[in-house]
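Colleague: I have the model open and would like a close look at one part of it. Could you pick a single residue, show me its surroundings, and then work outwards from there?

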Amino acid sequence: MLEFVIAGLVLGGIYAIASAGLVITYTASGVLNFAFGAMAFFIARFYYFLHTQHSWSILTAAIVSIGIAGPLMGVVLYAILFRHLRFRSPLIKVVATVGLLVAIPAIATVIFGSGAILQAPGLAPEPVRVFQFLGVPVTLDQIIVYICVVATVVLGAVVLRYTEVGLKVRAMVDSPAMTDLSGTNPDAVSAGVWAVSVFFAGLTGVLAAPIIGLDANNFTLLIAAAFAAVIAAKIRSLPIAVGIGLLMGIATSLAQRYLPSNSQWTAEIIDAIPFIVIALVLLYNLVRRGRIGEIDRVGGVLDRAITPQGESKLAGSTTSALETGSLSLVSKYAGPLLLIVVVSLLPI
């Protein structure tokens with residue numbers, strides 16, 4: 001059983017890192033990034049291009065692709081798109097990120113080609129070393145995933161709670177207007193958050209590629225599964241999202257261990273585990289609170305007071321009082337309904 005738990009923690013760790021990136025983006029910008037999987041695929045494909053096709057070392061290829069290209073992509077996308085979405089309706093935000101979900105893999109195909117990739121490298125040198133832990137074989141790739149998960153949780157908590165950067169990000173979440181009045185540029189903070197988010201996307205992509213293959217559709221399914229952890233965390237709690245991601249990975253591995261391998265139902269149940277989690281969380285919130293999600297507003301009281309009177313730096317446009325009332329009505333009812341539609345369309 002320990003072997004399956006350890007193996008499950010690898011998939012759970014990838015879920016956890018992906019959900020961390022999604023939660024950070026949403027809490028700081030109000031955008032639920034459905035293009036996260038496409039971004040992960042693009043960075044993983046770029047890493048393959050550098051490391052395998054051009055024989056760059058693992059360290060150099062990882063630094064350039066994950067550490068430089070990923071954050072740069074986040075900053076560029078924020079500058080041309082995401083900075084205009086903060087005060088838009090949930091429908092506009094979803095359509096924008098779904099558009100990126102379609103466009104980014106196509107761009108990757110134009111840049112890197114469309115040839116089939118049979119085996120994608122990870123961050124461990126090949127041949128991958130195997131260690132023994134309590135009699136269970138553990139590969140270096142798996143150990144790297146565990147280290148990345150621990151680093152994500154520990155460093156994320158330390159930065160957000162005990163550093164000036166974390167203070168500015170939390171202030172940005174509470175009230176962009178007050179952050180602006182305090183002398184901090186909210187655009188710079190938001191651009192930094194998107195840079196970190198796409199960094200997590202790139203890390204997720206490179207870690208997941210040896211497991212799921214370097215295919216855009218597989219990454220979309222992986223991130224769709226990670227949304228279960230995000231929804232369970234109410235799209236805001238990083239520790240809960242990470243914990244649920246790890247538990248889902250373990251549950252998937254244990255299902256492979258105890259369910260009959262020759263049954264068609266086994267494969268269906270394993271693929272459906274993340275979506276079962278989503279359904280249970282939605283049902284729990286519906287029964288306990290009488291609604292599916294929280295009715296959240298972006299920013300604080302000052303943000304909502306001044307936005308109708310002029311142009312917000314984060315909104316990027318003027319908003320009349322009538323439009324604000326309509327936006328409030330849309331936000332109240334369209335969010336939960338849109339979430340139901342998205343979940344119902346996810347492949348099982």
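Modeller: Let's start with serine 19, which lies in helix 1; helices here are DSSP runs of H or I with at least four residues, strands are runs of E with at least two, and both are numbered from the N terminus. This is a predicted model, so local features need pLDDT of at least 70 and side-chain atom pairs count only at pLDDT 80 or more, while totals for chains, interfaces and linings use all residues. Residues are numbered from 1 along each chain as its sequence is written, and side-chain values use heavy atoms, with hydrogens and water left out.

Serine 19 counts as buried because its relative accessibility is 0%; buried means under 20% relative accessible area, exposed means over 50%, and partly exposed is in between, using a 1.4 Å probe and protein chains only. Which residues does serine 19 contact, leaving aside its neighbours within four places in sequence? They are Ala226, Ala229, Val230, Ala241 and Val242, where contact means heavy atoms within 4.5 Å.

Ala226, Ala229 and Val230 belong to helix 9, where they are among the residues that meet helix 1. On the helix 1 side, serine 19 is joined in this contact by Leu11, Ile14, Tyr15, Ala18, Leu22 and Val23. Helix 9 also brings Leu222, Ile223, Ala225 and Phe227. By class, the contact has 13 nonpolar residues, one polar and no charged; Ala, Val, Leu, Ile, Met, Phe, Trp, Tyr, Cys and Pro count as nonpolar, Asp, Glu, Lys and Arg as charged, and the others, Gly among them, as polar.

How do the two helices lie? The axes of helix 1 (residues 2–29) and helix 9 (residues 216–232) come within 8 Å and cross at roughly 70 degrees. Helix 1 and helix 9 are therefore roughly perpendicular to each other, a label used for angles of 65 to 115 degrees; under 35 is roughly parallel, over 145 roughly antiparallel, and the rest oblique. The axes are lines fitted to C-alpha atoms over the stretch in contact, with angles from 0 to 180 degrees between N-to-C directions.

Now for helix 1 as a whole. Of its 28 residues, 21 are buried, leaving helix 1 mostly covered. From first C-alpha to last, helix 1 reaches 40 Å, close to the 40 Å expected at 1.5 Å a residue; the expected span is 1.5 Å times one less than the number of residues. Just after helix 1 comes glycine 30, with a positive phi of about 80 degrees.

Two other backbone spots are worth a glance. Most residues other than glycine have a negative phi, and most peptide bonds are trans. Serine 55 is not a glycine, yet has a positive phi of about 60 degrees. Serine 55 sits in the loop between helix 2 and helix 3 (58–80), and counts as exposed because its relative accessibility is 63%. Glutamate 126 and proline 127 are joined by a cis peptide bond, with omega about 0 degrees. Proline 127 is in the loop between helix 4 (90–112) and strand 1 (130–133).
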